Amino acid sequence: MFPDLGPRSPLGYTASTIARAAERRTDAGFITALEQDGTARAYAIGGELVVLKKTADGLDPLFTPAEARILAAPAETVFLGCANGGGRFGISLDPAGVQALKTRADLHVSDLRSIAVQGLAAVDHLAAMAEAKALLHWHARHRFCANCGQPTKLVQGGWRRDCLACKAEHFPRTDPVVIMLATAGERCLLGRQSRFAPGMWSCLAGFVEPGETIEHAVRREIQEEAGIRCGRVAYFASQPWPFPMSLMIGCHADAVSFDITVDRTELEDARWFTREETAIMLLRRHPQGLTTPPPVAIAHHIIRAWIDPGGPDLA
Ligand SMILES: [Zn+2]
């Protein structure tokens, strides 16, 4: 008998309440007016850190743009879209200045993983914070033209950078990453990286390479990391993963070989787990304390869907 896994939890960073209003990004006057309106709100981000305001109702990640810019030295502002009738923005702040805000009693400063896992902010802010963090990260690393080396300028609310010298237009990027569960009958393949929390096992994952399909990337990564060959690959779901700017593409894969050879440069270990053992790891009731990632991560939902078909809850 498999244990009851209980209700599904939402997949993190997916339940966006923001209408991106992409058709208005070329209208600088519209964006400026939105930002100057009293309903405008901004997420304040310094590198990996997000600033939250302490309120009587808990932690609030929204500031007025003016409030956000005096927290620490501001850099870029990006237009995320509209929500609740007002413009929503992301404002990047000097990371050292944001780190220093940790001493302020009226603020809470944390990284976006902790905010999601610990539920520090309302779940409907997570996707917007992911959008802001990934986009601002891209800006921080594209201040100069990749074509000619001259400075570039933020335009279209942050959805493009233009080189004034060679006229090249640069667009924000998302890095596709495949993350997958190889299965063979009643067993699935999980791996451990040395940076994982003790006892945690997860899906294998890796970047999609140029010229490769998702299916090829899934088979190649499993072969490289664990020496297992796979046949059929099935898409499951995707998740924005703003660490720093990835899109996780979740898949299941049918293994057609079973002898594991672990690539120790990528993984600490990899092994087969039975369906029953995996279920008690998901429930965090494993006698040796073995676990799978929390529901905020797509790995949890990929693993769960193999045991208990369905989901994820995209909210
Ligand atoms: Zn250029």
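Where is the place of Lys167? Select Lys167: it lies in the loop between β9 and β10. (Strands are DSSP runs of E of at least two residues and helices are DSSP runs of H or I of at least four, both numbered from the N terminus.) The structure is a predicted model, in which local features need pLDDT of at least 70, side-chain atom pairs count only at pLDDT 80 or more, and totals for chains, interfaces and linings use all residues. Residues are numbered from 1 along each chain as its sequence is written, and side-chain values use heavy atoms, with hydrogens and water left out.

Remain at Lys167 and inspect its backbone: phi is positive, at about 70 degrees, although Lys167 is not a glycine. Most residues other than glycine have a negative phi.

Next, display the strands on either side of this loop. They belong to an open sheet of 3 strands, ordered β8-β9-β10, with antiparallel pairing; two strands pair if DSSP finds at least two bridges between them. The edge strands, each pairing on one side only, are β8 (152–155) and β10 (169–170). Strand β9 (residues 160–163) pairs with β10 in the antiparallel sense over 2 bridges. Select Asp162 to find its bridge partner in β10, Glu169.

Move to the peptide bond from Phe243 to Pro244, which is cis, with omega near 0 degrees. Most peptide bonds are trans. Pro244 is found in the loop between β14 (230–241) and β15 (246–255).

Now select helix α7 (residues 275–282) and helix α8 (residues 298–307), which pack at an angle of about 135 degrees with their axes 10 Å apart. Axes are lines fitted to C-alpha atoms, for helices over the stretch in contact, and angles run from 0 to 180 degrees between N-to-C directions. That angle makes α7 oblique to α8 (under 35 degrees counts as roughly parallel, over 145 as roughly antiparallel, 65 to 115 as roughly perpendicular and the rest as oblique). To view the contact (heavy atoms within 4.5 Å), show Arg275, Thr278, Ala279 and Leu282 in α7 together with His300, Ile303, Arg304, Trp306 and Ile307 in α8.

Finally, turn to the aromatic rings, of which a search of the whole structure finds 7 pairs. Rings of Phe, Tyr and Trp (its six-membered ring) pair if their centres lie within 6.5 Å; planes under 30 degrees apart count as stacked, over 60 as edge-to-face and the rest as tilted. Select Phe30 and Phe79: their ring centres are 6.5 Å apart and their planes stand at 85 degrees, so the pair is edge-to-face. This pair links distant parts of the chain, with Phe30 in helix α1 (residues 28–36) and Phe79 in strand β5 (residues 74–83), 49 residues apart.
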